[in-house]
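Visitor: Could you walk me through the aromatic rings in this one? I'm new to it.
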Amino acid sequence: MEYIYFIDNASLVIRLINFLIKTPLFGESELTVVNQINGWVIRLKVPYFLTQLQYGNLRAFLEEIGYIYHPKVKMNLVFCSLDMGESPVKVMVDYQVAIVSYGIPNTAEIEAFRLQFSQGLGYCPKTLA
């Protein structure tokens, strides 16, 4: 099962990651986090089918923090390249995207990106708040 959502700021992405970490059901999930100028695209891949209740709870949570994202061709190519085993660094170079996190959900990568980006700019844009 795959879920692709757009989330407005980093705090909500971190909230999602904490939700995934604390819910044993999603321990084996794969999360891809891509930063864009206007927000964050996340793709959550759950390696098994969810029950109706689990699916409803996950969708409710995701819709609380973001909205369904319908990727354009470029983002589909990014996801496809990652699925075919290409390294995130190669995909970033090939498609000029910022893949902040890929694999097991982890807040450290988001925090580090947020800190480095803000220090480089000298201020914190609202998408990094």
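Visitor: To start, is Y3 buried or exposed?
Guide: Y3 counts as buried, because its relative accessibility is 6%, where buried means under 20% relative accessible area, exposed over 50% and partly exposed in between, with a 1.4 Å probe and protein chains only. This is a predicted model, in which local features need pLDDT of at least 70, side-chain atom pairs count only at pLDDT 80 or more, and totals for chains, interfaces and linings use all residues. Residues are numbered from 1 along each chain as its sequence is written, and side-chain values use heavy atoms, with hydrogens and water left out.

Visitor: And how many aromatic pairs are there?
Guide: The structure holds six aromatic pairs, a pair being rings of Phe, Tyr and Trp (its six-membered ring) whose centres lie within 6.5 Å, with planes under 30 degrees apart called stacked, over 60 edge-to-face and the rest tilted. One of them joins Y3 and Y55, with centres 6.3 Å apart and planes at 40°, so the pair is tilted.

Visitor: Which parts does that pair tie together?
Guide: Y3 lies in strand 1 (residues 2-7) and Y55 in helix 2 (residues 52-65), so the pair ties together parts 52 residues apart in sequence; helices (H or I, at least four residues) and strands (E, at least two) are DSSP runs, numbered from the N terminus. Y55 counts as partly exposed, at 29% relative accessibility.

Visitor: What about F19 and F61?
Guide: F19 and F61 form a stacked pair, 4.1 Å centre to centre with 15° between the planes. F19 in helix 1 (residues 10-22) and F61 in helix 2 are 42 residues apart.

Visitor: Switching topic, which residues cluster with F6?
Guide: F6 forms one aromatic cluster with Y67 and Y69.
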